[in-house]
Amino acid sequence: MSLKNVRLEVMQFLEKDVDALIEKYLIPIETIWQPTDFLPDSESPKFFDEVKEIRELAKDLPYDFWVVLVGDMITEEALPTYESWLMDVEGVGQVERNGWSKWVRHWTGEENRHGDVLNKYLYLSGRVNMREIEKTTQYLIADGFDIGTDRDPYKNFVYTSFQELATYISHNRVAKLAKERGNKQLSKMCRIISGDEMRHHNAYSEFVERIFAVDPSQMMMAFHYMMKQKITMPAHFLRESGGQISSAFEEFSNTAQRIGVYTSMDYIDILEKLNKRWEIEKITGLNDEAEKARDYLLKLPSRMTRIAERMKVPENSFQFKWVEPAKM
């Protein structure tokens, strides 16, 4: 049987549990938070006073902070790309609407709130150029992405397990920075977004655990493949108006690393957490190729740490079109 057919068989076997996993990891629409819970009520007579407070607090947040917040928001707003990609994964029945496509739609519904609330907050803050941000968002959706997973569910679930934990780290760190600057409202907003990301990380990680239980060698090979080629960030094609594809991503990454929101050491830490979560040291029934893949994965964090320790992050801030310099 071909690898593609084996993966389809495994996805069909696991599909019977998807409804239970949705109930375990996703929150009903009627009870989950919505963006308006964190934003001024436009129907309230206090609306303009609350907007004024947001704008006053925004003045105390530094330039690099806004760059990272904008980049995080744009990444979240490119959700159509992520949903369309996952809907095309082998075993996800977009036409017949099977359990896996139900997961993707419900997951998308939760994720959609993140870009929504951050977009509205940035608009009200008075610190950013929304038209430039909107152009970048449209470019990112139009350019799409290629995360190196093809339509392989095993590789895609490794990617989402990794990426959801990375976004948890980023939003959680932004929340801490906002709190340090006295912006409790923004801090709470970013913290609750990070909580969603952690739930989603746990869900995708459980998908991988379940695949390891029934197809350990090929799951190990997929994990090895993704880490050897490196996990590509979802916004790796990021660009500003007039720029080329990927022209802004490196500068955005440098900014995030410079203020400690997401660093090369975080990347390594995520890999170590996945190795531990999936207990790859203890997995049995591997073929020779998968055994070699496991050895590679166990040694990779220390190899990457040696490289990361030699890396230097540029100290100068790149001037993005997205963010207006603070007005004194």
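Predicted model: local features only at pLDDT ≥ 70, side-chain atom pairs only at ≥ 80, totals over all residues.
Residues are numbered from 1 along each chain as its sequence is written, and side-chain values use heavy atoms, with hydrogens and water left out.

**Pockets**

A pocket is an open set of points on a 1 Å grid over the protein atoms alone, where a 1.4 Å probe fits and protein lies on both sides within 12 Å along at least five of seven lines; its lining residues have an atom within 4 Å of a point. Grid points are joined across faces, edges and corners, and a volume is the space filled by probe spheres set on the points. In the linings, Ala, Val, Leu, Ile, Met, Phe, Trp, Tyr, Cys and Pro count as nonpolar, Asp, Glu, Lys and Arg as charged, and the others, Gly among them, as polar.

| Pocket | Volume | Lining residues by kind |
|---|---|---|
| Largest pocket | about 960 Å³ | 21 nonpolar, twelve polar, seven charged |
| Second largest pocket | about 200 Å³ | six nonpolar, three polar, four charged |

The largest pocket has a volume of about 960 Å³, and of the 40 residues that line this pocket, Met233, Ser253, Tyr262, Ser264 and Tyr267 are the closest to its centre. Helices here are DSSP runs (H or I, at least four residues), numbered from the N terminus. At least two lining residues come from each of α4 (63–77), α8 (153–180), α10 (216–229), α11 (249–258), α12 (264–277) and α13 (288–308), and α11 gives the most, with seven residues.

The second largest pocket, of about 200 Å³, is lined by 13 residues, of which Ile27, Pro28, Ile29, His106 and Glu110 are the closest to its centre. Both α2 (18–25) and α6 (99–125) supply at least two residues of its lining, and the largest share, five residues, comes from α6.

The buried residues of α11 (under 20% relative accessible area, with a 1.4 Å probe and protein chains only) are Phe249, Phe252, Asn254, Thr255, Ala256 and Gln257. Their cover includes α4 and α12, and α11 is followed by Gly260, which has a positive phi near 75°.

Leaving aside residues up to four places away in sequence, Trp66 touches (heavy atoms within 4.5 Å) Ala58, Leu61, Tyr121, Leu122, Ser125, Arg127, Val128 and Val323.

Key
Buried < 20%, exposed > 50% of the residue type's maximum accessible area, 1.4 Å probe, protein only.
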